[in-house]
Amino acid sequence: MKPLFGNIYKDKVCLVTGHTGFKGSWLAFWLTTLGAKVIGFSLQPPTRPNHFELLNTDYISIIGDIRNKVAIDNAVIKNQPDIVFHLAAQPLVRRSYQDPVETFETNVLGVLNVFEACKKAQCVKAIINITSDKCYENKEWIWGYRETDPMGGHDPYSASKGCSEILTSSYRRSFFNPEYYGSRHNTLLASVRAGNVIGGGDWAEDRIVPDIIRAASQKACVSIRNPKAVRPWQHVLEPLSGYLTLGWKLLEGQKEYAAEWNFGPDSKSNSSVKELVKLAQTYWPVINYSEAHEAQAVHEANLLMLDCTKAAKILHWQPVWDFQQTIQKTIVWYKEYYDSHVVNSEKDLQAFINDAREKGISWSL
Ligand SMILES: NC(=O)c1ccc[n+]([C@@H]2O[C@H](COP(=O)([O-])OP(=O)(O)OC[C@H]3O[C@@H](n4cnc5c(N)ncnc54)[C@H](O)[C@@H]3O)[C@@H](O)[C@H]2O)c1
């Protein structure tokens, strides 16, 4: 059987910031299975329990703060990464209202520190900055956002991700310009925008799946806010397969890929919070919910979808699991964790790869 992603990650040094978090822990784990030498750089895990400690994967884990320029400089200089996946962030909308300064410092100045460290070190061949679908100026319309749509953001988190994108675009034009790749510098810089990511191993506050799981594990009823809000739900392995596909092209020096990319589900997975919870109940009947009516609710986006035509046509990337499979894998992961103390991440990754191969998706062949 052919190796994944053209075998590009074998023996590559991959720096993953945010490796103690939900998405970063899955990405670092997947990279180790591809034969990469993984270096993680993050604060301590943001929750307890957390997927990073449950996986207990063997790689170098540096506990540090991306707001500390010296710390990230040292991590890059000492480890000489080939590629940097930058995921470390303050990723929560509600917390961004409580602490906008922490959010902007982490999500904007932190990105600047990572770019500067890479610029100085000169060993980094590729940087992928993980932002969010919330970077777009949200018009609450029925169409998916394209990569060329304007940046924006009402709440501080969304605005910080819009800023992070503008910063990426500036660094790509000013310091990592693809036109001068191989002559003035050796780094290709891209950014990636994904939607609401779910899957086993997330216990973050104020996110719908962790909220219903926390309640279900105590046989309690969860109150769901914004039941009608429509989101592009996708399993965590979907955007990660996109980031790894993009990293493959950048590591090969294909400079036309140094750009911005959406990685979202197909349009049928754009479902409401209520539809998600009702489907989740079918896999774990102890899930019980009521609809919240908050008089003082802070503003959050209601309708937000991505147009992923660019990734489909140019990267030949496409989602593997549909909405029903995504919810099933996610809920069963937690059910087995709480019922039998089993961590099914390796099993889910293998199932995802097998299903990608069956669908003929390019990175898996
Ligand atoms: N989960 C989603 O649905 C989703 C959707 C779109 C984008 N994203 C983005 O993906 C990335 C990962 O999100 P996640 O869901 O895994 O979040 P998470 O909260 O689980 O993980 C965040 C990680 O960042 C680290 N971190 C936070 N502040 C830091 C700092 N100052 N210095 C060093 N490390 C720091 C944390 O320790 C943790 O490892 C974020 O950039 C987030 O904005 C997530």
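Lys-219 sits in the loop between α7 and β8 (221–224). Helices here are DSSP runs of H or I with at least four residues, strands are runs of E with at least two, and both are numbered from the N terminus. The model is predicted, so local features need pLDDT of at least 70 and side-chain atom pairs count only at pLDDT 80 or more, while totals for chains, interfaces and linings use all residues. Residues are numbered from 1 along each chain as its sequence is written.

Lys-219 is not a glycine, yet its phi is positive, about 55 degrees. Most residues other than glycine have a negative phi, and most peptide bonds are trans. Is Lys-219 buried or exposed? Lys-219 is exposed, with 9 other C-beta atoms within 10 Å. A residue counts as buried if 20 or more other C-beta atoms lie within 10 Å of its own, exposed if 12 or fewer, and partly exposed in between, with C-beta atoms placed from the backbone.

His-316 also has a positive phi of about 55 degrees and is not a glycine. His-316 is in the loop between α10 (309–314) and α11. With 12 other C-beta atoms within 10 Å, His-316 is exposed. The cis peptide bond between Arg-48 and Pro-49 has an omega of about 0 degrees. Pro-49 belongs to the loop between β2 and α2 (51–55).

Now the sheet. It is open, with 7 strands in the order β3-β2-β1-β4-β5-β6-β11 and parallel pairing. The edges are β3 (60–63) and β11 (260–263); each has a single partner strand, so one side of each lacks a neighbour in the sheet. From one strand to the next, the twist averages 20 degrees. Angles run from 0 to 180 degrees between N-to-C directions, and axes are lines fitted to C-alpha atoms, for helices over the stretch in contact. Strands of a sheet pair through backbone hydrogen bonds, either parallel or antiparallel. Here, two strands pair if DSSP finds at least two bridges between them.

β2 (residues 37–42) pairs with β3 in the parallel sense over 4 bridges. Ser-42 stands opposite Ile-63 in β3. Helix α5 packs on the sheet, touching β1 (13–17), β4 (83–86) and β5 (126–130). The direction of α5 makes about 180 degrees with that of β4. Helix α6 (residues 156–174) lies across β5, β6 (188–194) and β11, at about 160 degrees to β6.

Move on to β4 and β5. They run parallel, joined by 4 bridges. His-86 lies in β4 and stands opposite Asn-129 in β5. The C-alpha atoms of these two residues are separated by 5.0 Å, although the residues are 43 apart along the chain. His-86 counts as buried, with 27 C-beta neighbours inside 10 Å. Leaving aside neighbours within four places in sequence, His-86 is in contact with Thr-17, Val-111, Val-114, Ile-127, Ile-128, Asn-129 and Ile-130. Contact means that two C-beta atoms, placed from the backbone, lie within 7 Å.

How many of the 5 residues of β5 are buried? The count is 5 of the 5, so β5 is largely enclosed by the rest of the structure. In a regular strand the side chains alternate between the two faces of the sheet. Ala-126, Ile-128 and Ile-130 point one way from β5, and Ile-127 and Asn-129 the other way. β5 also runs parallel to β6, with 5 bridges joining them. Leu-189 in β6 is the bridge partner of Ile-127.

Next, the ligand. Its shell has 25 residues, and the closest are Gly-18, Gly-21, Lys-23, Ala-88 and Ala-89. A residue is near a molecule if its C-beta atom, placed from the backbone, lies within 6 Å of it. α1 (22–33) and α5 (100–121) each supply at least two shell residues. The largest share, 3 residues, comes from α1. By class, the shell has 12 nonpolar, 10 polar and 3 charged residues. Ala, Val, Leu, Ile, Met, Phe, Trp, Tyr, Cys and Pro count as nonpolar, Asp, Glu, Lys and Arg as charged, and the others, Gly among them, as polar.

The buried residues of α11 include Phe-323, Ile-327, Trp-333 and Tyr-337. Among the elements covering them are α7 (208–217), α9 (273–283) and α12 (345–359). His-341 follows α11 and has a positive phi, near 55 degrees.
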